[in-house]
Amino acid sequence: DIKQLMEQAMLPPNLVPDEANPEWLNKGDNAWQLSAAAFVGLQTIPGLVILYGSLVKKKWAVNSAFMALYAFAAVMVCWVGWGYRMSFGDKMLPFWGRPGTSLDEDFLLRKAFLGNFPNATMVFFQGVFACITLVLVAGSLLGRMNFLAWAMFVPLWLTFSYTVGAFSVWCPDGWLAKLGIIDFSGGYVIHVSAGFAGITASFWVGPRLDKDREKFPPNNIILTLAGAGLLWMGWSGFNGGGPFAASIDASLAVLNTHVCTSVSLLMWLLLDCIFFGKPSVIGAVQGMITGLVCITPAAGVVQGWAAVIMGVVSGSIPWYTMMVLHKRLAFLTHVDDPMAIFHTHAVAGGLGGILTGILAVPKLCRLFFMVPDWERYTGLAYALQNNHASAGFRQLGVQAAGLLFIAGLNVVVTSAICWLVGLLVPLRMSEDKLYVGDYAAHGEEGFALWGEGEAAAAGGVARSGSSVGLGSTYSKPGSPYENYASRSFENSKDVGPAAYGGKDNQEDQSYVYSFNPKSGLPVEFVAGYGGGRRYENSMATVSEEKSPYDDGQGRRYTNSLYDADASRSVQMV
(Lines give C-alpha, C1' and ligand atoms only; values in the text may rest on other atoms or scores of the structure.)
Protein backbone atom coordinates (compact mmCIF):
# COMPACT_ATOMS: atom_id res chain seq x y z
CA ASP A 1 0.00 0.00 0.00
CA ILE A 2 0.97 3.70 -0.06
CA LYS A 3 2.33 3.63 3.49
CA GLN A 4 4.61 0.66 2.74
CA LEU A 5 5.84 2.24 -0.49
CA MET A 6 6.72 5.47 1.34
CA GLU A 7 8.49 3.56 4.11
CA GLN A 8 10.45 1.66 1.48
CA ALA A 9 11.43 4.98 -0.09
CA MET A 10 13.10 5.77 3.25
CA LEU A 11 11.16 9.00 3.79
CA PRO A 12 11.64 10.90 7.07
CA PRO A 13 9.32 9.57 9.79
CA ASN A 14 7.34 12.81 9.91
CA LEU A 15 6.25 12.28 6.29
CA VAL A 16 5.05 8.71 6.70
CA PRO A 17 1.21 8.61 6.86
CA ASP A 18 -0.49 7.47 10.01
CA GLU A 19 -3.89 7.79 11.65
CA ALA A 20 -3.31 11.43 12.55
CA ASN A 21 -1.65 12.23 9.22
CA PRO A 22 -3.54 10.58 6.35
CA GLU A 23 -1.92 10.26 2.95
CA TRP A 24 -4.01 13.11 1.50
CA LEU A 25 -2.81 15.60 4.12
CA ASN A 26 -0.18 18.13 3.05
CA LYS A 27 1.34 19.35 6.30
CA GLY A 28 2.78 22.48 4.75
CA ASP A 29 -0.54 23.49 3.19
CA ASN A 30 -2.39 22.75 6.41
CA ALA A 31 0.05 24.79 8.49
CA TRP A 32 -0.16 27.72 6.10
CA GLN A 33 -3.95 27.61 5.92
CA LEU A 34 -4.27 27.64 9.71
CA SER A 35 -1.78 30.52 9.89
CA ALA A 36 -3.63 32.46 7.19
CA ALA A 37 -6.88 31.96 9.11
CA ALA A 38 -5.22 33.25 12.27
CA PHE A 39 -4.03 36.34 10.36
CA VAL A 40 -7.58 37.07 9.25
CA GLY A 41 -8.83 36.57 12.78
CA LEU A 42 -6.23 39.06 14.05
CA GLN A 43 -7.46 41.55 11.46
CA THR A 44 -10.77 41.50 13.28
CA ILE A 45 -9.80 41.01 16.91
CA PRO A 46 -7.87 43.07 17.75
CA GLY A 47 -7.44 44.84 14.38
CA LEU A 48 -10.89 46.23 13.65
CA VAL A 49 -11.75 46.36 17.35
CA ILE A 50 -8.88 48.83 17.82
CA LEU A 51 -9.56 50.65 14.56
CA TYR A 52 -13.25 51.23 15.30
CA GLY A 53 -12.66 52.02 18.96
CA SER A 54 -10.11 54.71 18.14
CA LEU A 55 -11.64 56.22 15.00
CA VAL A 56 -14.91 57.17 16.66
CA LYS A 57 -15.75 59.96 19.08
CA LYS A 58 -14.57 59.27 22.62
CA LYS A 59 -18.06 58.64 23.95
CA TRP A 60 -18.59 55.77 21.44
CA ALA A 61 -15.27 53.94 21.85
CA VAL A 62 -16.59 51.07 23.97
CA ASN A 63 -19.78 50.51 22.00
CA SER A 64 -17.97 50.51 18.65
CA ALA A 65 -15.28 48.07 19.74
CA PHE A 66 -17.85 45.87 21.48
CA MET A 67 -20.03 45.61 18.36
CA ALA A 68 -17.04 44.13 16.54
CA LEU A 69 -16.12 41.75 19.35
CA TYR A 70 -19.68 40.48 19.71
CA ALA A 71 -20.05 39.92 15.97
CA PHE A 72 -16.95 37.74 15.84
CA ALA A 73 -18.18 35.47 18.61
CA ALA A 74 -21.77 35.28 17.38
CA VAL A 75 -20.79 34.51 13.79
CA MET A 76 -18.37 31.74 14.80
CA VAL A 77 -21.09 29.95 16.77
CA CYS A 78 -23.61 30.28 13.93
CA TRP A 79 -20.95 29.23 11.43
CA VAL A 80 -20.30 25.83 12.96
CA GLY A 81 -24.00 25.47 13.78
CA TRP A 82 -25.31 25.86 10.23
CA GLY A 83 -23.52 28.62 8.29
CA TYR A 84 -20.61 26.64 6.82
CA ARG A 85 -22.77 23.91 5.34
CA MET A 86 -25.15 26.52 3.89
CA SER A 87 -22.16 28.20 2.22
CA PHE A 88 -20.10 25.19 1.11
CA GLY A 89 -22.19 22.08 1.71
CA ASP A 90 -24.61 20.04 -0.34
CA LYS A 91 -26.66 22.00 -2.86
CA MET A 92 -30.20 22.84 -1.80
CA LEU A 93 -30.81 25.61 -4.36
CA PRO A 94 -28.58 27.01 -7.12
CA PHE A 95 -27.59 29.77 -4.70
CA TRP A 96 -27.85 28.07 -1.30
CA GLY A 97 -26.51 25.03 0.52
CA ARG A 98 -28.38 22.69 2.81
CA PRO A 99 -28.11 23.61 6.53
CA GLY A 100 -26.12 21.31 8.75
CA THR A 101 -23.71 21.34 11.67
CA SER A 102 -19.93 21.31 11.43
CA LEU A 103 -19.17 19.83 14.84
CA ASP A 104 -18.87 16.08 14.33
CA GLU A 105 -15.37 14.60 14.15
CA ASP A 106 -16.32 12.34 11.27
CA PHE A 107 -16.98 15.42 9.18
CA LEU A 108 -14.25 17.69 10.54
CA LEU A 109 -11.42 15.19 10.04
CA ARG A 110 -12.32 14.31 6.46
CA LYS A 111 -10.58 15.96 3.50
CA ALA A 112 -12.04 19.37 2.63
CA PHE A 113 -13.81 19.93 -0.69
CA LEU A 114 -10.72 21.83 -1.87
CA GLY A 115 -7.11 21.71 -0.70
CA ASN A 116 -5.08 18.99 0.98
CA PHE A 117 -6.19 19.59 4.55
CA PRO A 118 -9.17 18.58 6.73
CA ASN A 119 -12.60 20.13 6.93
CA ALA A 120 -11.73 21.50 10.36
CA THR A 121 -9.13 23.78 8.78
CA MET A 122 -11.51 24.88 6.03
CA VAL A 123 -14.34 25.57 8.48
CA PHE A 124 -12.10 27.81 10.57
CA PHE A 125 -10.57 29.59 7.57
CA GLN A 126 -13.92 30.35 5.98
CA GLY A 127 -15.38 31.17 9.39
CA VAL A 128 -13.02 34.07 10.06
CA PHE A 129 -13.96 35.47 6.65
CA ALA A 130 -17.61 35.38 7.64
CA CYS A 131 -16.74 37.04 10.95
CA ILE A 132 -14.88 39.96 9.42
CA THR A 133 -17.72 40.56 6.97
CA LEU A 134 -20.21 41.25 9.77
CA VAL A 135 -17.67 43.45 11.54
CA LEU A 136 -17.30 45.51 8.36
CA VAL A 137 -21.08 45.91 8.21
CA ALA A 138 -20.92 47.25 11.77
CA GLY A 139 -18.71 50.11 10.55
CA SER A 140 -21.74 51.68 8.87
CA LEU A 141 -23.81 51.52 12.05
CA LEU A 142 -21.51 52.87 14.73
CA GLY A 143 -22.62 55.60 17.09
CA ARG A 144 -26.35 54.90 17.25
CA MET A 145 -27.53 51.30 16.71
CA ASN A 146 -29.30 49.61 19.60
CA PHE A 147 -26.96 46.83 20.73
CA LEU A 148 -29.85 44.38 21.20
CA ALA A 149 -30.92 45.03 17.60
CA TRP A 150 -27.33 44.42 16.48
CA ALA A 151 -27.26 41.17 18.45
CA MET A 152 -30.32 39.99 16.51
CA PHE A 153 -29.16 41.35 13.15
CA VAL A 154 -25.85 39.45 13.09
CA PRO A 155 -27.10 35.82 12.97
CA LEU A 156 -29.98 36.71 10.66
CA TRP A 157 -27.74 38.46 8.13
CA LEU A 158 -25.17 35.67 8.21
CA THR A 159 -27.90 33.10 7.57
CA PHE A 160 -29.90 34.79 4.85
CA SER A 161 -27.36 36.98 3.08
CA TYR A 162 -23.75 35.91 3.56
CA THR A 163 -24.35 32.22 3.01
CA VAL A 164 -26.19 32.91 -0.26
CA GLY A 165 -23.35 35.02 -1.64
CA ALA A 166 -20.66 32.60 -0.51
CA PHE A 167 -22.41 29.57 -1.99
CA SER A 168 -23.16 31.33 -5.28
CA VAL A 169 -19.61 32.60 -5.84
CA TRP A 170 -17.26 30.20 -4.05
CA CYS A 171 -18.96 26.82 -3.78
CA PRO A 172 -18.31 24.66 -6.89
CA ASP A 173 -22.09 24.05 -7.13
CA GLY A 174 -22.97 27.76 -6.97
CA TRP A 175 -24.52 29.31 -10.05
CA LEU A 176 -21.96 32.10 -10.40
CA ALA A 177 -19.09 29.67 -9.80
CA LYS A 178 -20.39 27.52 -12.65
CA LEU A 179 -20.51 30.57 -14.91
CA GLY A 180 -16.82 31.14 -14.20
CA ILE A 181 -16.75 34.18 -11.92
CA ILE A 182 -13.34 35.16 -10.55
CA ASP A 183 -13.32 36.29 -6.93
CA PHE A 184 -9.92 35.31 -5.59
CA SER A 185 -10.44 36.07 -1.89
CA GLY A 186 -13.74 37.84 -1.38
CA GLY A 187 -13.96 41.13 -3.25
CA TYR A 188 -17.60 40.32 -3.89
CA VAL A 189 -18.50 37.82 -1.17
CA ILE A 190 -17.06 39.96 1.61
CA HIS A 191 -16.45 43.56 0.60
CA VAL A 192 -19.23 44.34 -1.85
CA SER A 193 -21.61 42.47 0.45
CA ALA A 194 -20.49 44.46 3.50
CA GLY A 195 -20.63 47.77 1.65
CA PHE A 196 -24.16 47.38 0.32
CA ALA A 197 -25.46 45.72 3.48
CA GLY A 198 -23.90 48.48 5.58
CA ILE A 199 -25.39 51.40 3.69
CA THR A 200 -28.79 49.65 3.51
CA ALA A 201 -28.84 48.95 7.23
CA SER A 202 -27.67 52.49 7.89
CA PHE A 203 -30.68 53.81 5.98
CA TRP A 204 -33.08 51.76 8.09
CA VAL A 205 -31.41 52.41 11.44
CA GLY A 206 -31.20 56.15 10.87
CA PRO A 207 -28.37 58.63 11.42
CA ARG A 208 -26.35 59.62 14.45
CA LEU A 209 -27.19 62.82 16.30
CA ASP A 210 -26.69 65.87 14.12
CA LYS A 211 -23.95 67.13 16.41
CA ASP A 212 -22.14 63.79 16.13
CA ARG A 213 -22.35 63.84 12.35
CA GLU A 214 -21.02 67.39 12.25
CA LYS A 215 -18.16 66.70 14.65
CA PHE A 216 -16.95 63.13 15.10
CA PRO A 217 -13.18 63.36 15.71
CA PRO A 218 -11.08 60.23 16.28
CA ASN A 219 -10.24 59.77 19.94
CA ASN A 220 -6.77 58.31 19.28
CA ILE A 221 -5.06 58.53 15.90
CA ILE A 222 -2.01 56.57 17.06
CA LEU A 223 -4.21 53.61 17.99
CA THR A 224 -6.00 54.09 14.66
CA LEU A 225 -2.68 53.45 12.94
CA ALA A 226 -2.08 50.39 15.13
CA GLY A 227 -5.45 48.92 14.13
CA ALA A 228 -4.82 49.80 10.49
CA GLY A 229 -1.42 48.12 10.64
CA LEU A 230 -2.94 44.90 11.94
CA LEU A 231 -5.52 45.07 9.17
CA TRP A 232 -2.87 45.60 6.48
CA MET A 233 -0.40 42.93 7.59
CA GLY A 234 -3.23 40.49 8.29
CA TRP A 235 -4.23 40.76 4.64
CA SER A 236 -1.22 38.54 3.86
CA GLY A 237 -3.36 35.72 5.19
CA PHE A 238 -6.57 37.12 3.77
CA ASN A 239 -5.33 36.91 0.18
CA GLY A 240 -2.42 34.53 0.68
CA GLY A 241 -4.81 31.84 1.87
CA GLY A 242 -6.95 32.11 -1.27
CA PRO A 243 -5.29 29.27 -3.24
CA PHE A 244 -5.73 26.83 -0.30
CA ALA A 245 -2.06 25.87 -0.67
CA ALA A 246 1.39 27.16 0.19
CA SER A 247 1.98 27.60 -3.55
CA ILE A 248 3.66 30.04 -5.89
CA ASP A 249 0.26 31.58 -6.54
CA ALA A 250 -0.08 32.32 -2.81
CA SER A 251 3.27 34.11 -2.94
CA LEU A 252 2.16 36.20 -5.90
CA ALA A 253 -1.11 37.05 -4.15
CA VAL A 254 0.68 38.32 -1.05
CA LEU A 255 3.10 40.49 -3.02
CA ASN A 256 0.37 41.95 -5.24
CA THR A 257 -1.65 42.76 -2.13
CA HIS A 258 1.08 44.92 -0.63
CA VAL A 259 2.02 46.58 -3.92
CA CYS A 260 -1.56 47.62 -4.71
CA THR A 261 -2.17 48.82 -1.15
CA SER A 262 0.99 50.94 -1.08
CA VAL A 263 0.18 52.58 -4.41
CA SER A 264 -3.40 53.23 -3.33
CA LEU A 265 -2.31 54.87 -0.07
CA LEU A 266 0.15 57.14 -1.89
CA MET A 267 -2.45 58.04 -4.50
CA TRP A 268 -4.93 59.02 -1.79
CA LEU A 269 -2.32 61.18 -0.06
CA LEU A 270 -1.44 62.87 -3.35
CA LEU A 271 -5.05 63.83 -3.97
CA ASP A 272 -5.41 65.09 -0.39
CA CYS A 273 -2.34 67.29 -0.85
CA ILE A 274 -3.49 68.64 -4.21
CA PHE A 275 -7.04 69.49 -3.17
CA PHE A 276 -6.76 70.12 0.57
CA GLY A 277 -3.20 71.32 0.90
CA LYS A 278 -1.99 68.76 3.44
CA PRO A 279 -1.70 64.98 3.85
CA SER A 280 -4.17 63.32 6.21
CA VAL A 281 -3.46 60.33 8.42
CA ILE A 282 -7.10 59.29 8.28
CA GLY A 283 -6.99 59.71 4.51
CA ALA A 284 -3.95 57.44 4.37
CA VAL A 285 -5.85 54.77 6.29
CA GLN A 286 -8.78 55.06 3.89
CA GLY A 287 -6.45 54.76 0.90
CA MET A 288 -4.83 51.73 2.48
CA ILE A 289 -8.21 50.03 2.93
CA THR A 290 -9.39 50.73 -0.62
CA GLY A 291 -6.16 49.25 -1.98
CA LEU A 292 -6.53 46.12 0.10
CA VAL A 293 -10.14 45.70 -0.95
CA CYS A 294 -9.59 46.38 -4.65
CA ILE A 295 -6.82 43.81 -5.09
CA THR A 296 -8.70 41.09 -3.18
CA PRO A 297 -10.73 39.62 -6.07
CA ALA A 298 -7.64 39.63 -8.30
CA ALA A 299 -4.66 39.07 -5.98
CA GLY A 300 -3.33 35.81 -7.42
CA VAL A 301 -4.54 36.11 -11.02
CA VAL A 302 -2.98 39.41 -12.14
CA GLN A 303 0.58 40.53 -12.77
CA GLY A 304 2.51 43.00 -10.63
CA TRP A 305 2.08 45.88 -13.05
CA ALA A 306 -1.68 45.26 -12.99
CA ALA A 307 -1.57 45.55 -9.20
CA VAL A 308 -0.01 48.99 -9.64
CA ILE A 309 -2.82 50.03 -12.00
CA MET A 310 -5.41 48.75 -9.55
CA GLY A 311 -3.70 50.74 -6.80
CA VAL A 312 -3.97 53.95 -8.81
CA VAL A 313 -7.66 53.27 -9.47
CA SER A 314 -8.45 52.29 -5.87
CA GLY A 315 -6.71 55.37 -4.52
CA SER A 316 -8.55 57.79 -6.80
CA ILE A 317 -12.09 56.69 -7.67
CA PRO A 318 -13.15 55.87 -4.09
CA TRP A 319 -11.47 59.15 -3.05
CA TYR A 320 -13.70 60.97 -5.53
CA THR A 321 -16.89 59.15 -4.48
CA MET A 322 -16.15 59.80 -0.80
CA MET A 323 -14.80 63.35 -0.90
CA VAL A 324 -16.80 64.81 -3.79
CA LEU A 325 -19.70 62.70 -5.01
CA HIS A 326 -20.91 61.84 -1.52
CA LYS A 327 -21.66 65.51 -0.83
CA ARG A 328 -23.53 65.98 -4.09
CA LEU A 329 -25.92 63.03 -4.05
CA ALA A 330 -28.92 63.49 -1.77
CA PHE A 331 -29.19 59.80 -0.85
CA LEU A 332 -25.55 59.49 0.21
CA THR A 333 -25.82 62.72 2.17
CA HIS A 334 -28.89 61.46 3.99
CA VAL A 335 -27.50 58.01 4.85
CA ASP A 336 -25.01 58.08 7.72
CA ASP A 337 -21.99 55.81 7.15
CA PRO A 338 -19.44 56.73 9.86
CA MET A 339 -16.56 54.54 8.62
CA ALA A 340 -17.35 55.12 4.91
CA ILE A 341 -17.80 51.37 4.41
CA PHE A 342 -19.75 51.91 1.20
CA HIS A 343 -16.90 53.82 -0.45
CA THR A 344 -14.00 51.77 0.90
CA HIS A 345 -15.61 48.36 0.40
CA ALA A 346 -18.57 48.43 -2.00
CA VAL A 347 -16.98 50.89 -4.44
CA ALA A 348 -13.44 49.54 -4.12
CA GLY A 349 -14.57 45.92 -4.18
CA GLY A 350 -16.74 46.51 -7.23
CA LEU A 351 -13.85 48.20 -9.02
CA GLY A 352 -11.61 45.27 -8.15
CA GLY A 353 -14.08 42.75 -9.51
CA ILE A 354 -14.51 44.57 -12.82
CA LEU A 355 -10.76 45.15 -13.20
CA THR A 356 -10.25 41.43 -12.58
CA GLY A 357 -12.44 40.77 -15.61
CA ILE A 358 -10.07 42.94 -17.64
CA LEU A 359 -6.63 42.11 -16.22
CA ALA A 360 -6.84 38.42 -15.21
CA VAL A 361 -4.05 36.34 -16.79
CA PRO A 362 -5.13 32.92 -18.17
CA LYS A 363 -1.95 31.20 -16.96
CA LEU A 364 -2.37 32.55 -13.43
CA CYS A 365 -6.02 31.51 -13.45
CA ARG A 366 -4.86 27.99 -14.28
CA LEU A 367 -2.53 28.04 -11.29
CA PHE A 368 -5.35 29.23 -9.06
CA PHE A 369 -8.34 27.20 -10.18
CA MET A 370 -6.45 24.02 -11.23
CA VAL A 371 -9.38 22.80 -13.35
CA PRO A 372 -9.42 21.30 -16.86
CA ASP A 373 -11.45 24.15 -18.36
CA TRP A 374 -9.14 26.88 -17.03
CA GLU A 375 -9.00 28.64 -20.44
CA ARG A 376 -12.43 30.16 -19.92
CA TYR A 377 -10.99 32.28 -17.09
CA THR A 378 -9.42 35.11 -19.05
CA GLY A 379 -9.33 38.86 -18.70
CA LEU A 380 -10.53 41.02 -21.55
CA ALA A 381 -7.07 42.51 -22.13
CA TYR A 382 -5.52 39.06 -22.72
CA ALA A 383 -8.50 37.82 -24.69
CA LEU A 384 -8.09 40.70 -27.13
CA GLN A 385 -4.35 40.01 -27.33
CA ASN A 386 -4.99 36.34 -28.15
CA ASN A 387 -7.84 37.03 -30.57
CA HIS A 388 -10.46 35.59 -28.23
CA ALA A 389 -12.45 38.75 -27.67
CA SER A 390 -15.69 36.87 -27.05
CA ALA A 391 -14.16 35.01 -24.11
CA GLY A 392 -12.92 38.27 -22.61
CA PHE A 393 -16.27 40.02 -22.96
CA ARG A 394 -17.96 36.97 -21.50
CA GLN A 395 -15.69 37.09 -18.46
CA LEU A 396 -16.35 40.79 -18.01
CA GLY A 397 -20.09 40.12 -18.26
CA VAL A 398 -19.90 37.40 -15.60
CA GLN A 399 -18.01 39.78 -13.31
CA ALA A 400 -20.67 42.46 -13.82
CA ALA A 401 -23.48 39.96 -13.22
CA GLY A 402 -21.85 38.87 -9.99
CA LEU A 403 -21.54 42.47 -8.83
CA LEU A 404 -25.21 43.19 -9.55
CA PHE A 405 -26.35 39.98 -7.87
CA ILE A 406 -24.38 40.57 -4.66
CA ALA A 407 -25.47 44.21 -4.51
CA GLY A 408 -29.14 43.43 -5.09
CA LEU A 409 -29.09 40.48 -2.71
CA ASN A 410 -27.77 42.59 0.15
CA VAL A 411 -30.10 45.52 -0.42
CA VAL A 412 -33.18 43.28 -0.40
CA VAL A 413 -32.21 40.85 2.35
CA THR A 414 -30.73 43.51 4.63
CA SER A 415 -33.88 45.61 4.29
CA ALA A 416 -36.05 42.62 5.18
CA ILE A 417 -33.91 41.80 8.23
CA CYS A 418 -33.95 45.39 9.48
CA TRP A 419 -37.72 45.50 9.06
CA LEU A 420 -38.11 42.25 11.02
CA VAL A 421 -35.74 43.26 13.82
CA GLY A 422 -37.42 46.67 13.98
CA LEU A 423 -40.72 44.97 14.76
CA LEU A 424 -39.18 43.38 17.84
CA VAL A 425 -36.84 46.03 19.23
CA PRO A 426 -35.89 49.60 18.27
CA LEU A 427 -33.10 49.66 15.69
CA ARG A 428 -31.73 52.92 17.03
CA MET A 429 -30.94 54.01 20.57
CA SER A 430 -33.15 56.66 22.12
CA GLU A 431 -32.18 60.29 21.63
CA ASP A 432 -31.37 60.55 25.31
CA LYS A 433 -28.91 57.65 25.21
CA LEU A 434 -27.34 59.02 22.05
CA TYR A 435 -26.38 62.17 23.96
CA VAL A 436 -24.41 60.09 26.46
CA GLY A 437 -22.94 57.21 24.48
CA ASP A 438 -21.05 54.33 26.06
CA TYR A 439 -22.17 54.84 29.63
CA ALA A 440 -25.84 54.86 28.71
CA ALA A 441 -25.42 51.81 26.46
CA HIS A 442 -23.14 49.67 28.59
CA GLY A 443 -22.49 51.39 31.91
CA GLU A 444 -18.81 51.53 30.97
CA GLU A 445 -16.41 54.04 29.47
CA GLY A 446 -13.30 53.70 27.37
CA PHE A 447 -11.33 56.52 28.94
CA ALA A 448 -11.93 56.54 32.73
CA LEU A 449 -8.41 57.24 33.98
CA TRP A 450 -7.50 56.64 37.63
CA GLY A 451 -8.00 60.23 38.69
CA GLU A 452 -11.35 60.39 36.96
CA GLY A 453 -12.56 57.04 38.25
CA GLU A 454 -11.45 57.55 41.83
CA ALA A 455 -14.80 58.76 43.10
CA ALA A 456 -16.63 55.85 41.52
CA ALA A 457 -14.25 53.37 43.05
CA ALA A 458 -14.83 54.93 46.48
CA GLY A 459 -18.48 53.97 46.41
CA GLY A 460 -19.97 57.23 45.27
CA VAL A 461 -18.16 59.87 47.33
CA ALA A 462 -17.21 62.95 45.38
CA ARG A 463 -13.81 64.50 45.99
CA SER A 464 -13.00 68.17 45.85
CA GLY A 465 -10.78 69.07 42.96
CA SER A 466 -11.05 65.69 41.25
CA SER A 467 -10.96 65.53 37.49
CA VAL A 468 -14.39 65.42 35.94
CA GLY A 469 -15.51 63.55 32.86
CA LEU A 470 -18.36 61.58 31.37
CA GLY A 471 -19.43 59.05 33.96
CA SER A 472 -16.35 59.40 36.13
CA THR A 473 -17.45 61.19 39.32
CA TYR A 474 -20.35 60.94 41.71
CA SER A 475 -22.20 63.03 44.26
CA LYS A 476 -21.99 62.75 48.01
CA PRO A 477 -23.95 59.98 49.75
CA GLY A 478 -27.42 60.90 50.85
CA SER A 479 -27.94 63.63 48.28
CA PRO A 480 -30.66 63.25 45.64
CA TYR A 481 -27.82 62.95 43.11
CA GLU A 482 -26.12 60.01 44.77
CA ASN A 483 -24.63 57.46 42.33
CA TYR A 484 -25.75 59.47 39.35
CA ALA A 485 -22.93 59.56 36.83
CA SER A 486 -22.28 61.47 33.65
CA ARG A 487 -21.60 65.12 32.81
CA SER A 488 -20.05 66.57 35.92
CA PHE A 489 -19.81 69.86 37.80
CA GLU A 490 -16.98 70.74 40.15
CA ASN A 491 -17.44 72.92 43.21
CA SER A 492 -20.74 74.30 41.99
CA LYS A 493 -23.81 75.40 43.90
CA ASP A 494 -27.25 74.86 42.44
CA VAL A 495 -29.12 78.13 42.94
CA GLY A 496 -32.06 77.50 40.62
CA PRO A 497 -35.30 75.52 40.91
CA ALA A 498 -35.02 71.83 41.69
CA ALA A 499 -34.70 69.53 38.68
CA TYR A 500 -34.99 66.00 40.09
CA GLY A 501 -38.35 64.76 41.31
CA GLY A 502 -39.50 68.22 42.35
CA LYS A 503 -37.09 68.30 45.29
CA ASP A 504 -35.92 71.72 46.42
CA ASN A 505 -32.20 71.58 46.14
CA GLN A 506 -31.12 75.12 46.95
CA GLU A 507 -29.44 74.21 50.23
CA ASP A 508 -27.64 71.16 48.90
CA GLN A 509 -24.03 71.83 47.94
CA SER A 510 -22.44 68.98 46.08
CA TYR A 511 -19.19 68.78 44.22
CA VAL A 512 -20.88 66.92 41.39
CA TYR A 513 -24.36 67.07 39.90
CA SER A 514 -25.23 64.57 37.19
CA PHE A 515 -27.97 62.35 35.83
CA ASN A 516 -29.29 58.91 36.58
CA PRO A 517 -27.91 56.35 34.09
CA LYS A 518 -30.53 53.76 35.04
CA SER A 519 -33.23 55.79 33.34
CA GLY A 520 -31.05 56.42 30.31
CA LEU A 521 -30.61 60.20 30.51
CA PRO A 522 -34.02 61.32 31.80
CA VAL A 523 -35.87 64.35 30.59
CA GLU A 524 -34.99 66.04 33.83
CA PHE A 525 -31.36 66.16 32.72
CA VAL A 526 -32.23 68.10 29.61
CA ALA A 527 -34.81 70.24 31.35
CA GLY A 528 -32.64 70.83 34.41
CA TYR A 529 -29.27 71.55 32.88
CA GLY A 530 -30.20 72.54 29.34
CA GLY A 531 -33.37 74.34 30.24
CA GLY A 532 -31.80 77.17 32.15
CA ARG A 533 -30.41 76.04 35.52
CA ARG A 534 -28.14 78.59 37.19
CA TYR A 535 -24.72 77.48 38.40
CA GLU A 536 -22.28 79.77 40.19
CA ASN A 537 -18.52 79.19 39.95
CA SER A 538 -19.19 76.13 37.85
CA MET A 539 -16.38 74.44 35.97
CA ALA A 540 -18.73 72.84 33.48
CA THR A 541 -22.28 72.96 32.23
CA VAL A 542 -24.46 71.81 29.38
CA SER A 543 -26.59 74.21 27.38
CA GLU A 544 -29.80 73.76 25.48
CA GLU A 545 -29.67 71.66 22.34
CA LYS A 546 -30.19 74.70 20.12
CA SER A 547 -28.19 77.08 22.26
CA PRO A 548 -25.25 78.85 20.60
CA TYR A 549 -23.13 77.35 23.36
CA ASP A 550 -24.00 73.75 22.64
CA ASP A 551 -21.41 71.43 21.11
CA GLY A 552 -22.90 68.10 22.05
CA GLN A 553 -20.30 67.39 24.69
CA GLY A 554 -21.12 69.98 27.31
CA ARG A 555 -19.20 73.22 26.99
CA ARG A 556 -16.98 74.11 29.91
CA TYR A 557 -17.26 77.49 31.59
CA THR A 558 -14.83 79.04 34.07
CA ASN A 559 -16.20 81.29 36.85
CA SER A 560 -19.40 81.78 34.91
CA LEU A 561 -22.96 82.60 35.82
CA TYR A 562 -25.04 80.46 33.50
CA ASP A 563 -28.36 82.30 33.18
CA ALA A 564 -31.85 80.91 32.95
CA ASP A 565 -32.39 81.25 29.22
CA ALA A 566 -29.05 79.76 28.23
CA SER A 567 -28.09 82.88 26.35
CA ARG A 568 -24.92 84.17 27.98
CA SER A 569 -21.82 83.19 29.86
CA VAL A 570 -18.94 85.22 31.17
CA GLN A 571 -15.99 83.15 30.06
CA MET A 572 -15.82 80.06 27.92
CA VAL A 573 -12.91 77.64 27.70
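**Reading rings and cores**

Guide: In this predicted model, the charged end of Arg-208 sits over the ring of Phe-216, at 4.3 Å from the ring's centre. A second case involves Arg-85, which lies over the face of Phe-107 at 3.9 Å from the ring centre.

Visitor: How should I read a pair of aromatic rings, and how many aromatic pairs does a search of the whole structure find?

Guide: A pair of aromatic rings is described by the distance of the centres and the angle of the planes. Here the search of the whole structure finds 28 such pairs. For Phe-129 and Phe-238 the ring centres are 4.6 Å apart and the planes stand at 45 degrees, so this pair is tilted. The pair links distant parts of the chain, since Phe-129 belongs to helix α5 (residues 119-138) and Phe-238 to helix α10 (residues 221-240), 109 residues apart.

Visitor: Are Phe-129 and Phe-238 buried or exposed?

Guide: Buried means under 20% relative accessible area, so Phe-129 counts as buried at 2%, and Phe-238, at 0%, is buried too.

Visitor: Where do nonpolar side chains tend to be in soluble globular proteins, and which residues have the most contacts inside the largest nonpolar core here?

Guide: In soluble globular proteins, nonpolar side chains tend to be buried together. The largest nonpolar core in this model has 99 residues, and those with the most contacts inside it include Phe-129, Trp-150 and Phe-153. Helix α3 (residues 61-88) gives the most to this core, with 14 residues. A second, separate core has 27 residues, among them Ala-298 and Val-313.

Notes
Residues are numbered from 1 along each chain as its sequence is written. This is a predicted model: local features need pLDDT of at least 70, side-chain atom pairs count only at pLDDT 80 or more; totals for chains, interfaces and linings use all residues. Side-chain values use heavy atoms; hydrogens and water are left out. A nonpolar core is a set of buried Ala, Val, Leu, Ile, Met, Phe, Trp, Tyr and Cys residues joined through side-chain atoms within 4.5 Å. Buried means under 20% relative accessible area, exposed over 50%, partly exposed in between (1.4 Å probe, protein chains only). Helices (H or I, at least four residues) and strands (E, at least two) are DSSP runs, numbered from the N terminus. Rings of Phe, Tyr and Trp (its six-membered ring) pair if their centres lie within 6.5 Å; planes under 30 degrees apart count as stacked, over 60 as edge-to-face and the rest as tilted. A charge sits over a ring if NZ of Lys or CZ of Arg is within 6 Å of the ring centre and within 35 degrees of the ring normal.
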